[in-house]
Amino acid sequence: MRILVSDPVSQQGVELLQKEYEVDVKTQLPIEELIRIIPEYDALVVRSETKVTKAVIEAAANLKVIGRAGVGVDNIDVPAATQKGIVVLNAPEGNTIAATEHTMAMMLSLARNIPQAHASLKDGKWLRSKMMGVEMRGKTLGILGLGRIGSGVAKRALAMEMNIVAYDPFISHEQAEALGIKLVELADIFPVADFITLHLPKTNETKNLLNKETFAKMKPGVRIVNCARGGVVNELDLAEAVEQGIVAGAAIDVFEQEPVDPNHPLLKLDKVIVTPHLGASTAEAQVGVAVDVAIGIMAVLKGEPISTAVNMAPIQSHTLDVIRPYFNLAEKMGCLAINLAEGRISAVDIEYNGEISEVDTKMLTTAVIKGLLNSILTEHINYVNAPGVAKSRGIKIREVKSKEAANFSNLITVCVHTDKKSHTVAGTLFGHEEGRIVMIDAYRVDVDPRGWLIVGPHINRPGIIGTVGTVLGNAGINIDSMQVGRTEVAGTNIMVMGVDSDIPASVMLKFNAVDGILGAKLVNFSAI
Ligand code: NAD
Ligand code: MLT
């Protein structure tokens, strides 16, 4: 596995990846060069400089994961990655404090003209009256976007005795009240806010959210802070509003085009203070995001789901802790169930019994589907594309849950329905991480699902096991483990043999030709 790091990220993250993988750090690559070399890599790590366009993704023949060392993924074509089954993950928490503190620094600098005073004094000018500022206490702060950074800013602004009004249509009034903040409509913020700070992602809805029309509705003398994304504030309209005196000043960390053109109108205005996208630039944040992204990338390369993927169903980290030990088992159960099935598959029922039924199991269901589809399709199926591929093939996926779990504290049962016959497998964990198949159709078994398994229903009479043993022995195939499953069904039984290598189709034909064998299947778990 090879990893390309195409933007500068903290060395701690790179070293973590180097412990297990070959890592190339190549920054400032022209896009043509990135497109040329990307087929060599399994994973890509970026900050915001690298533009991971559709063309890059189309060229990325082996790419499994793109890790963004930071929050915003607007430099990555996420829909194109999703379509190709590439996981896109970010590091959403590592730089929250850094960006929050930078926002406060920008707001205070703006209120007290600190950058202008600093520059003029260094220039030999002692300008006291010209640098008169305003206080924060008692002023109204409008916060647009009350997520991680927005709420961090709110807490700090409350400590500075500001009044806060916030706009975020995706959080509840209860969440806002818990922070001591009033949620209002966007239009209600403009006439009352003395400061407006933005903390939302750049999307089709938020692009140009602040523009000529909205500036016209604002309280004259308002101050604007943008440490979120360039383009959520229309830059030319802002420059004009500052020149007209509607906006008393602005503090801008992010620009629509970065690096910003030195002739940009905002850079010409004394009342606009700027930083070159420094929100996340603290030593602590850069180590935090680089390590978080490295951990996420390693998990994806090992086939594990993660909580920071932006193009997979969201999963809480405490839920992930509960379900993580079951992923490998769930995937193997999907693989086993589809190998037993015959005919056109129409639906898969996945039943969760016991304590596990009390958490969100969607990702485990995806693991079952991943194992199932990877056994029958040539395209690579992963946690990103598995649900979509199942849907596009008309396979209905149903989850059933019950706290009751006879004989086991937790049990997962997978039933594959086809137009011929349904097949069921059930599995559980022994201890905390030993996955076991405990039921195959009506047969009670105790199977360690690894390597290659022959699952052979047969008539319950003497001599059959000896004969198939001879078939395998003659082909030079070593039997690792062997057991016979019990059943209530009179006259039939099931043998499950673990073998330590793949079995040629010609040998399986001989195996199935043994009188009394009722259709044995070879199941390959070696890649899971
Ligand atoms: P977050 O996901 O925790 O919060 C974003 C909030 O915006 C969410 O609560 C969401 O509900 C809200 N939102 C989404 N669409 C909205 C809309 N149309 N109207 C109003 N609210 C909307 O993200 P975060 O970690 O707080 O980051 C906020 C922004 O800051 C992002 O754009 C991120 O990329 C940026 N950021 C910048 C820097 C920097 O260096 N300047 C550093 C970190 C993050
Ligand atoms: C982010 O979205 O995390 C920030 O803009 C910081 C960065 O780009 O590194």
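Is Glu22 buried, partly exposed or exposed? Glu22 comes out as partly exposed, with a relative accessible area of 45%. The legends below cover this residue and several other spots in what is a predicted model.

**View 1. Glu22 and Arg2 pair up across two strands.** The salt bridge here joins Glu22 to Arg2, with 3.3 Å between the closest N and O atoms. This pair links distant parts of the chain: Glu22 sits in strand E2 (residues 22-25) and Arg2 in strand E1 (residues 2-5), 20 residues apart. Arg2 is partly exposed too, at 23% relative accessibility.

**View 2. A salt bridge between Lys125 and Asp123.** In this close-up, the nearest N and O atoms of the two side chains are 3.0 Å apart. Elsewhere, salt bridges that share partners tie Arg2, Glu22, Asp24 and Glu40 into one network. Over the whole structure, the search turns up 19 salt bridges.

**View 3. Asp74 meets Arg229.** Side chains of opposite charge can pair when their charged atoms come close. For Asp74 and Arg229, the N to O distance of the salt bridge is 3.1 Å. Here the link runs between two loops, with the partners 155 residues apart. Asp74 belongs to the loop between strand E4 (65-68) and helix H4 (78-83), and Arg229 to the one between strand E10 (222-226) and helix H11 (235-243). Asp74 is partly exposed, with a relative accessible area of 42%. Arg229 is at 12% relative accessibility, so it counts as buried.

**View 4. Ligand 2 and its shell.** Which residues gather around this ligand? They are Arg47, Ser48, Arg68, Ala69, Gly70, Val71, Gly72, Asn95, Arg229, His277 and Ala280. Sorted by class, the shell has 3 nonpolar, 5 polar and 3 charged residues. The side chain of Asn95 has an N or O atom 2.8 Å from a ligand 2 oxygen, and for the side chain of Arg68 the corresponding distance is 2.9 Å. On its own, ligand 2 exposes 260 Å², and the protein buries 92% of that.

**View 5. Ligand 1 and its surroundings.** This ligand has 25 residues around it, the closest being Arg148, Ile149, Asp168, Leu200 and Asp253. By class, the shell holds 13 nonpolar, 8 polar and 4 charged residues. Taken alone, ligand 1 exposes 860 Å², of which the protein buries 88%.

**View 6. Asn90 in strand E5.** Asn90 is in strand E5 (residues 87-90) and counts as buried, at 8% relative accessibility. What does the side chain of Asn90 reach? It gets to the backbone oxygen of Val71, at 3.0 Å. Leaving aside neighbours within four places in sequence, Asn90 is in contact with Arg68, Gly70, Val71, Val73, Thr308 and Val310. Among these, Arg68, Gly70 and Val71 also belong to the residues around ligand 2.

**View 7. Thr96 in helix H5.** The helix spans residues 96-112, and Thr96 is buried there with a relative accessible area of 12%. Beyond its neighbours within four places in sequence, Thr96 touches Arg148 and Ile149, both listed among the residues closest to ligand 1. The C-alpha atoms of Thr96 and Ala285 are 7.9 Å apart, although 189 residues separate the two along the chain.

**View 8. Met131 in a loop.** The loop in question runs between helix H6 (114-122) and strand E6 (140-144). Met131 is buried, at 17% relative accessible area. Its contacts, setting aside neighbours within four places in sequence, are Arg112, Asn113, Gln116, Ala117 and Ser120. Asp261 is 130 residues from Met131 in sequence and 27 Å away in space, C-alpha to C-alpha.

Technical notes
Residues numbered from 1 in each chain as written. Chains lettered and ligands numbered in written order. Predicted model: local features only at pLDDT ≥ 70, side-chain atom pairs only at ≥ 80, totals over all residues. Heavy atoms only, no water. Near = heavy atom within 4 Å. Polar contact = N/O pair within 3.5 Å; in protein donor to acceptor, adjacent residues only side chain to side chain. Areas by Shrake-Rupley, 256 points an atom, 1.4 Å probe, with all protein chains shown as cover. Nonpolar A, V, L, I, M, F, W, Y, C, P; charged D, E, K, R; others polar. Salt bridge = Lys/Arg side-chain N within 4 Å of Asp/Glu carboxyl O. Helix = DSSP H or I, 4+ residues; strand = E, 2+ residues; numbered from the N terminus. Buried < 20%, exposed > 50% of the residue type's maximum accessible area, 1.4 Å probe, protein only. Contact = heavy atoms within 4.5 Å.
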